[in-house]
Amino acid sequence: MSVTDFWTPFELNSFLNALFIGLSIASIWLIAAVGLTIIYGTMGVINMAHGELIMLGAYTTYVLQTFFYIPFLLCLPLVFVIVSIFGLFIERTIIRRLYNRPLDTLLATWGLSLILIQGVRVIFGTAPKYVSIPGWLNFQVSLGFLHLPGFRLFIILATAALIFGTWYIAYRTTWGIRVRAVMADPDMASSFGIDSNRIYSITFAYGAGLAGVAGALFGGLKTLLPDMGSGYIVEAFLVVVVGGTQLLGSIFSSIILGELASIFSYFTNDTFARFVLFTLIVIFLRFRPQGLITEGMKRR
Amino acid sequence: MTITRRSLIKRSSALALALSTPAIFRPSAARAQPWISKNGTIKLGVLFSQSGPLAVVENDSTQVVLFAIDEINANGGVAGMQVEPVVIDAKSDVKVYSEKISQLILSDRVISTIGGYTSASRRAVAPFVMARDHLFYYPTCYEGRECTQNVICTGPLANQHSQDLIPFMVQNFGKRVYFVGSNYIWPKESNKVARVWLEKVGGEVLGEDYVPIGGSEFAPIFNKIRQANPDFIFSTLIGDSDVAMHKQFLSEGFKADKMPIASLTTGEIEVRAMGAEAGAGHFLSAPYFQALDTPTNNRFVEKYLGSKYGGGGVTHYNMEETYLAVYFWKAGLEKALAQTGDIEAITPRMIRDASGGVTIGDEISPEGKVWIDPDNFNMWLRPKIGQCQGDGQFKIIKVADQHVGPNPFEIYPDRGVCKADGLHTPAGTVQKGVL
């Protein structure tokens with residue numbers, strides 16, 4: 001392969017489109033990561049089963065569509081509720097018992113992910129399933145240089161809406177203040193009468209619900225397989241480690257990573273883009289292991 | 001010789017070691033233990049992925065092997081003995097393939113193994129198969145460039161696969177092509193071969209991109225395709241990625257009649273997974289299509305889909321090639337038995353050596369008469385080009401006039417010629433087990 005084959009010749013329109021694709025990739029990575037960030041940020045639990053919650057969301061959508069004939073848009077809130085309830089169940093039965101043992105939660109949630117993969121495989125089999133997206137989302141945005149499939153635009157908007165909703169809950173409601181108080185100092189929060197266990201349960205359920213919605217959205221892009229979650233967990237972790245434990249950090253890191261991935265793969269190819277991206281992340285973490293944005297110091 | 005305490009310890013420990021060593025490491029015992037014992041069953045290894053990204057295709061491979069074995073057993077088995085499948089899930093992981101092939105050979109003691117859908121898995125398995133002089137059936141297409149004495153392939157080689165497809169596409173759609181493939185050896189080698197056919201008809205490669213196996217993000221590639229604006233896309237994507245690419249082709253607003261995808265992989269299984277609307281209008285080169293209208297194929301489709309293994313609802317080139325592999329194995333084993341007369345004396349290598357030239361007629365083979373090349377042990381077949389229709393089935397547009405022979409070194413003539421005993425190099429040497 002010669003050098004000219006390796007480098008794509010620069011063309012402004014396609015490059016600008018690549019920037020939009022970067023935004024689309026960023027929205028996918030962000031929505032995959034946001035539940036993980038919230039759960040990690042609030043209770044310090046590294047949820048290895050996060051990818052499987054995404055997978056459950058996708059399969060739930062499949063079931064709702066195929067057996068209950070529920071339209072796609074209505075599936076999204078339903079999936080959120082169903083996966084949240086499942087998240088609540090996990091928190092009450094497993095995670096709750098391990099709050100003081102972070103390494104054990106890592107193992108327990110990993111074990112849980114294996115159980116979920118096998119469970120879904122037993123119930124649904126290994127044959128791939130797919131989620132059908134409504135016909136009206138099958139349009140293309142073509143404005144001069146910009147070419148974007150309607151469904152990707154929908155994912156960008158849905159991600160923006162969910163992030164805004166999460167921000168609103170965290171910073172504009174009493175409930176959010178309680179969550180942030182528990183994040184900052186659980187003992188101090190308890191002494192002010194906040195039930196931190198209850199906060200943890202609901203936060204975990206909320207994070208799980210977000211993963212479920214992510215899965216429902218990804219179902220339109222990807223074939224459903226029991227182990228599809230493992231593909232997203234890597235990207236979700238990259239967003240979290242680069243961004244740090246705050247919501248804002250995840251937003252910035254997903255945009256930066258998505259754009260870099262898109263730009264590198266525009267100029268070279270997908271394989272090389274991954275190589276460069278992973279290398280840059282390692283270098284970045286050498287100099288800033290805590291990520292882009294971290295919580296401020298405790299004020300006493 | 002006096003026995004001192006030290007020598008006693010030495011000898012007794014040597015004896016203990018000899019006794020504790022498993023039977024397979026003792027050469028004399030290994031020779032004595034037959035691969036097939038008269039009173040038992042004939043064990044056949046079945047090594048496909050039932051989970052992971054490759055399961056989209058390989059799950060059906062397992063089913064069709066079990067179907068063929070049932071069929072053979074119901075018709076009296078092989079040489080009057082029943083065939084027993086030893087089924088293992090390789091989990092789409094090359095490490096598992098190489099681990100499990102050793103287990104199949106050493107502890108399950110299968111006489112042969114059928115398995116794999118990717119060259120990565122075949123290459124993971126082959127060294128272990130060669131080291132034990134065992135026999136592996138690779139039941140699908142691959143790139144060639146190999147000359148081993150222990151692998152039989154029942155799918156098309158790169159030279160059989162694209163030599164009709166590329167000129168056909170250039171003639172009907174134009175000379176400017178974009179290559180997209182999964183990132184491993186088969187797509188890369190297939191693209192090399194396709195480039196040769198393309199240059200012969202004056203075509204041009206505008207770009208070449210690869211995504212990881214299981215990768216599903218095609219937006220950056222479609223952006224580059226939009227910029228290059230090729231006449232058609234040549235795809236060597238496999239499994240999950242292939243499905244994702246076709247779906248995104250549609251959602252990106254491309255049209256199959258303006259810029260069709262010419263694929264070496266997108267068959268009935270993939271179309272079932274992506275939905276017929278995403279597959280319609282695109283082209284596939286394969287030796288077999290479910291829609292082939294021959295008495296044998298109609299019977300095969302009806303019988304398979306009606307059996308407990310046919311839950312997937314379609315038949316596919318990969319399944320048919322896998323089905324043929326079981327029958328080639330049966331024919332090879334029976335021929336070896338006719339030569340030796342003693343079923344307990346048969347080794348995997350004898351089956352391989354007997355398989356050269358073995359023919360499966362159109363009364364068994366759904367794709368029509370096929371035979372194994374006596375030199376390189378790949379298959380003579382008739383490549384066909386089909387176009388996917390709105391119902392997910394293919395319309396057969398072109399069938400090769402005659403059988404096309406396999407040539408694993410088609411674009412590497414300076415490497416030599418593959419014969420039954422090894423690769424005959426231009427320097428006059430014979431290399432065995434060339435991977």
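A salt bridge is here a side-chain nitrogen of Lys or Arg within 4 Å of a carboxyl oxygen of Asp or Glu. The structure on display is a predicted model, in which local features need pLDDT of at least 70 and side-chain atom pairs count only at pLDDT 80 or more, while totals for chains, interfaces and linings use all residues. Residues are numbered from 1 along each chain as its sequence is written, chains are lettered from A and ligands numbered from 1 in the order in which they are written, and side-chain values use heavy atoms, with hydrogens and water left out.

**First stop: the interface**

Select A:R152 together with B:E217. These residues form a salt bridge whose closest N and O atoms are 2.5 Å apart. Two salt bridges are found by the rule across the interface of chain A and chain B. The elements giving two or more residues to the side of chain A that touches chain B are α2 (12-43), β2 (146-149), α11 (247-267) and α12 (270-287) of chain A; helices (H or I, at least four residues) and strands (E, at least two) are DSSP runs, numbered from the N terminus. Colour α2(A) next: this element gives the most to that side, with six residues. By class, the side of chain A that touches chain B holds 16 nonpolar, 14 polar and eight charged residues, where Ala, Val, Leu, Ile, Met, Phe, Trp, Tyr, Cys and Pro count as nonpolar, Asp, Glu, Lys and Arg as charged, and the others, Gly among them, as polar.

Now widen the selection to the whole contact (heavy atoms within 4.5 Å). It takes 38 residues from chain A and 35 residues from chain B. The two chains bury about 2900 Å² between them, 47% of it on carbon and sulfur atoms; buried area is the accessible area (1.4 Å probe) that two parts lose on being put together, summed over both.

**Second stop: cysteines of chain B**

Select B:C147 and B:C418, which form a disulfide with their sulfur atoms 2.1 Å apart; the term denotes a pair of cysteine sulfur atoms within 2.5 Å. The link of B:C147 and B:C418 is right-handed, with 85° about the S-S bond. B:C147 lies in the loop between β4 (136-138) and β5 (151-153) of chain B and B:C418 in strand β16 (residues 417-419) of chain B, so the pair ties together parts 271 residues apart in sequence. B:C147 is buried at 1% relative accessibility, and B:C418 is buried at 7%. Buried means under 20% relative accessible area, exposed over 50%, and partly exposed in between (1.4 Å probe, protein chains only).

Move to B:C153, which is in no disulfide; the nearest cysteine sulfur, that of B:C141, is 8.0 Å away. B:C153 is buried, with a relative accessible area of 2%.

Select A:E235 in helix α10 (residues 229-243) of chain A. This glutamate is buried, with a relative accessible area of 16%. Leaving aside its neighbours within four places in sequence, A:E235 is in contact with A:W29 and A:R274. The C-alpha atoms of A:E235 and A:L30 are separated by 8.9 Å, although the residues are 205 residues apart along the chain.

**Last stop: positive phi**

Most residues other than glycine have a negative phi. A:Y69 lies in the loop between α3 (50-68) and α4 (72-93) of chain A and is exposed, at 68% relative accessibility. Finish at B:A79, also not a glycine, with a positive phi of about 50°. B:A79 is found in the loop between α3 (55-74) and β2 (83-89) of chain B and is partly exposed, with a relative accessible area of 37%.
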